[in-house]
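Colleague: I would like to learn how to read a model like this one, feature by feature. Could you take me through it?

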Amino acid sequence: MKKLILLSILYHFGLFAQAQTGKSPIIIKEEYVNYQTLKNTLEFFKTKYGFKINYDDVEIKDFYVTYLFNNATAEQAVETCLRETPLKYTMTEDGEFSIYDPRKVQAAKVAADKLKFQGKSVQQNFNLKGIVKDAKSGEPLPFVNIVIVAESKGATSNVDGYFTLMKVPSDTCTLEVSYIGYKLKTIYLSPKKVKALEGQDFLIELEQENAILEEIVVSADREELLRASEKTSMLKLSPSKITALPSVGEKDIMRAFQLMPGVSAANENSSGLYVRGGTPDQTLVLYDGFNVYHVEHLFGFFSAFNPNAIKDVQLYKGGFESKFGGRIGSVAEITGKEGNSKNLNLGLDAGFLAANAFIEAPIGDKMTGLFAVRRSYQTSLYDAIFKKYSGTRTAATTPPGGGGPGGFGNRFNTSVSSYFYDMNGKITYKPTPKDVITLSLYNGTDNLDNSRKTNFNGGAAIRNFNLNTSDLTYWGNLGGSLKWSRRFSQAFYVNTLVSYSNYYSLRDRSSTGTITQPDGTILNIKRGTLEDNNLKDFSAKLDFEWKANSKNNIEFGLSATQNSIKYTYAQNDTSTIIDRNTSGATVTGFVQDKIKLFKNLEGNLGVRYTYFQPTAKGYVEPRASLTYQLLPSVKLKAAYGVYNQFAKRVIREDVFQGSRDFWVLADENKLPVASATHYIIGANWESAKWLFDVEAYRKDLSGLTEYSLRINSNPRQTANYSERFYQGTGVARGIDILLQKKYGQLNGWLAYSLGEVPYNFPDLNKTVFYANQDVRHEFKAVGIYRLGKWDLSATWIYASGRPYTAPEGGYNLTLLDGSLKSYINISEKNAYRLPAYHRLDIAATYTWKGSAGGARSIGFSLFNLYDRQNVWYKEFEIQNNQLIETNVNYLGITPNLNISWRLR
Amino acid sequence: MKNIFIILLGFIILSLSTSCAVSDPLPAPSSRPVVEAYLVANEPIDIYIARQAPFSDTTITDLSIKGLSIDIKSDTKTIHLTDQGNGHYTSATKVDSNTTYSLRFDYAGKTITATTFVPSHTNNFVCSATSFVVTVNPNNGRPSFPDPALLSWKSVPDAYYLVVAENTDQVPELIFSFGGGSNRRFFRQAPFQGNNTDLQGQLFRYYGNYNLILFRINVEYASLYADNGTSSINLTTPYTNVTNGLGIFTGMASDTLKFVVTK
């Protein structure tokens, strides 16, 4: 472990000093240095201004300085002197500088030692409370790790950035602060620093690791895009860093997760998370504490989350802790930005699909605000995706079927309009140092309209014919949360939250019109399908966090949710196939303890209890996860948990009619509460540069539901929806392997997942079959290479084919009216597999800094570089007893361009 | 790290080469026989057994299965069917109403079975008219139809009904042509539950004599009318009530009214 810490110090050595910038007074009014050796320049400052500077004559002998120093602090002066050199410096709290060559390990170590407080400690075993913020924007940073180096123990900041370190052994020890997407920071405590706090929060400011490399030095001081080693089955990524990855149209957090082990990337038409053999609805998506039920824009091509409004994302792939519930698969916890508390900041992004703008600013001393908005516009890329995923195969409008004797003169107007947008707003108010009040709002909507109007005039049989064909897909989410957090003491934190979430989806594929007959009578026509799903979620939560002692961090809470879910599926204006309108309350309590059991063994033990009103039953969910530090670089981990899901999404298999899924609330009859038991074991080996992580999992699933038209025992009773829901059980099991190079000019990862998901739905299929989302092998390679101001990246995905059902043979039956009806006999469910899916994407992003310090970038990417024709599904047609099989493919090679501008 | 890219390149080449070489094989049809058996109350038995048409071989024209030994049983009797040598199996024995029948035969190493109930006749089947007069405008050839007639009967709860109209003339005279294959001598309405239906004049394509047949049918017959999809994500297994087989074995009762369409 010592070696690891030392390496860490060395790699990140140059960073400590920068956090102190601006604290020393201006002492150099005006000095012009004209091509002097670095040594002479430093000696001049030492003599004239009393700088305390240590350096090695040999290391600095080759460098020269030419500069006009004007109103500079000591630190700015030293920094300027070293700007054109590979050298770095450290500065102690007394203002003593040490210049070193980071390429020489011994020199770096000596310089680091200078920073440590050399005297005796004054306080021992004290508690240190503080807050972690972004140095530039003042944004509090959640889930940051603060570790006391000597003891390898520490704390994690909470969602508001606050942390409490219990029993800090002395006021001279060293802290290491790490957060994804930010530079590692090492903090040397001193009695002076600790005393100066006087009970106030210890402020730790972290600097974002942006893509602008100002030094020629090849240093290993950048944080990774992905972090996978913190907790069992947890992945974390940096929203600000996904810019470097290839994208189609928009930067996308969910798509970035799909590049990670255990999250399937084989569903190109879904930005939902298929985690470890689960379906997207089995993932709890929490945005600032409220549930988001549908995460997709543009038929799922990318997700509804605007990365500009997000500061933190964590994905628990399984075995998650007791504070989360209501889903049987995984949890994506998203924290929105509070907004810049120091300055006004603006940003703009534009790509081939949408434009994106945000504004963030302090509002007075105690308030910050952020507002981000994104809207699509119609481009060739937009049209290509729209046509592919809306099922619009041709743009031509064809007259309605049926016809009649004689020919018509016809004339038709086609108007197509379609867009999506999303908005995020957040206001944070901190009336006292102990209270944080946050109002967060989100609204995202897709309005995909392919409607047309058709007019026919004249003709012998019909005088006039008007038809309005609606082909409207309208879906979205509206959600908001109001949160009040109060820190009652160093050890006790309370979070109160009320939230509302509404998911709405309307699919209208219907035609209304009139026929004017020759005798003047007007007939009204209404036909087609209408599908309406509306889900409302009112929740209230009260969570407590109690740091009982240095070994126990106890969280407990209560919550209540009132769900009402409406689903209507109607045909031809008259027959309603499904009409569900259900509501019910869930009341939940949980308690969990993050406990240090022995020196190297940590655990999170908890239990969750839910009372679900519609079934009038209680559900107990014990959960546990353990990590054991076997060696300083080797960690063993295991998790177990029971999970239940009360609101679930059911797939209705129909590609041409739009929305293929709908949310329902479980009941006692046909829609049982889904449940899962997770078993996870794993290990990882981690060095400063590399991470190798392996996890094996098994999920026993029950209470699964499919809505299927496959077995149609009684089509004349279609009004009885309950005929079509089928219940089943299943297992999802597999292994996820990750090899990650975390730092360096070239970084990235290789991920491999082996998995299978056998389902058993006895009434749907006689034998066990593989679920639609079953992918046996999945391999991903992600590489990001930094070359000056360029970030070059490539991602390659290989996934074995998903299962599908195919026709086997055909036959005819003569019906009672003498007509022949043809039937296709179908294989067992999912008996066949599509060809393997693979795709290479590349991107190049050029980033530079604007005059006010804001990052600007321009990015080019090519999606599906070698134009692989990946199969989405197959279409079948029988002609002359011959089966014509057509592959419906995903997108081929697609270029994209993105530009991005930030004021600060 | 270079090694990683070599591995990556290797994977790409490997997957490209394998994906080009593999083509999807056409699935082979199963050996399940297709049964077409309508047991109509008070009528003799005629059922037809055939194989599925394989998609892999379209040259086979005769799909009928001959040489089977088929029994149909009720509680009171066993009827052995006669092989007609063309896939049809018949018996002169008339089917009893209000009786449950079961089918059984062996084929390709499996026993194929099915069960159905033959319902009784429908009472009070009447039509509000006995004829329609359809005139044609000599200028434009367009017909003018009368108001619909009402067909009604005494329904049984949960029973399904199907109305079929069949022109019984040797050489029927066409009223007008829609072209294509729609000038059929039969027409029907979709199976439904209820005790009446409108008889629309527009449905008649021919002048002449008609039988209006009211079938009281079982749910398994109504299920035959469902579509079974066209793509790998919406294919539906066609309904069958035949174990180890495909098709239909269903009982029904029919009642007939005479009807005339004149000029």
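**Strands, cores and exceptions**

Modeller: Start with one pair of residues: T283(A) stands opposite S330(A), which is in strand 20 of chain A. Keep in mind throughout that this is a predicted model.

Colleague: In which sense do strand 15 and strand 20 of chain A pair, parallel or antiparallel?

Modeller: The general idea is that strands of a sheet pair through backbone hydrogen bonds, in either a parallel or an antiparallel sense. Here, strand 15 (residues 283–287) and strand 20 (residues 330–336) of chain A pair in the parallel sense, over five bridges.

Colleague: What is the order of the strands in the open sheet of chain A?

Modeller: Six strands make up this open sheet, in the order 13-14-19-20-15-16, and the pairing is mixed. Strand 13 (226–227) and strand 16 (290–291) of chain A stand at the edges; each has a single partner strand, so one side of each is left without a neighbour in the sheet.

Colleague: And an antiparallel case? How many bridges join strand 38 of chain A to strand 39 of chain A?

Modeller: Twelve bridges join strand 38 to strand 39 (residues 690–707) of chain A, and the two run antiparallel. The bridge partner of Y679(A) is R698(A), in strand 39 of chain A. A hairpin of three residues joins strand 38 to strand 39 of chain A. Strand 38 (residues 674–686) of chain A also pairs with strand 35 (residues 634–645) of chain A, in the antiparallel sense and over twelve bridges. In that pairing, V634(A) has W685(A) of strand 38 of chain A as its bridge partner.

Colleague: How many helices and strands does chain A have?

Modeller: Chain A comes to eight helices and 54 strands. Chain B has two helices and 21 strands. Buried residues make up 47% of the 904 residues in chain A, and 33% of the 263 residues of chain B count as buried. For contacts between residues at least 6 apart in sequence, 66% of those in chain A join residues at least 24 apart; in chain B the figure is 71%.

Colleague: How do I read burial at a single residue? Is P54(B) buried or exposed?

Modeller: Count C-beta neighbours: 20 or more within 10 Å makes a residue buried, and 12 or fewer makes it exposed. P54(B) counts as buried because it has 21 C-beta neighbours inside 10 Å. P54(B) lies in strand 3 (residues 53–54) of chain B. T814(A) has 12 such neighbours inside 10 Å and therefore counts as exposed. T814(A) is in strand 47 (residues 807–814) of chain A.

Colleague: Which residues does T814(A) touch, leaving out those up to four places away in sequence?

Modeller: On that basis T814(A) touches L820(A) and E36(B).

Colleague: Which residues touch the most other members of the largest nonpolar core?

Modeller: The general idea is that nonpolar side chains tend to be buried together in soluble globular proteins. The largest nonpolar core here has 113 residues, and L237(A) and F257(A) touch the most other members. Leaving out residues up to four places away in sequence, F257(A) touches L235(A), L237(A), V263(A), L273(A) and L315(A). A second, separate core of 58 residues includes L816(A), I47(B), L81(B) and L224(B).

Colleague: Which residues of helix 4 of chain A are buried?

Modeller: An α-helix has 3.6 residues a turn, so residues three or four places apart point the same way. In helix 4 (residues 74–82) of chain A, the buried residues are A74(A), E75(A), A77(A), V78(A), C81(A) and L82(A). These residues cover an arc of only 160 degrees around the axis, which puts them on the same side of helix 4 of chain A.

Colleague: Last, backbone angles. What is phi of N125(A)?

Modeller: Most residues other than glycine have a negative phi. N125(A) has a positive value, near 45 degrees. N125(A) is in strand 6 (residues 124–134) of chain A, and is exposed, with 10 other C-beta atoms within 10 Å. D867(A) also has a positive phi, near 50 degrees. D867(A) is in the loop between strand 51 (855–863) and strand 52 (871–879) of chain A. With 13 C-beta neighbours inside 10 Å, D867(A) counts as partly exposed.

Note on methods: Residues numbered from 1 in each chain as written. Chains lettered and ligands numbered in written order. Predicted model: local features only at pLDDT ≥ 70, side-chain atom pairs only at ≥ 80, totals over all residues. Helix = DSSP H or I, 4+ residues; strand = E, 2+ residues; numbered from the N terminus. Contact = placed C-beta atoms within 7 Å. Pairing = 2+ DSSP bridges. Core = buried A, V, L, I, M, F, W, Y, C linked by C-beta atoms within 7 Å. Arc of directions from axis to C-beta.
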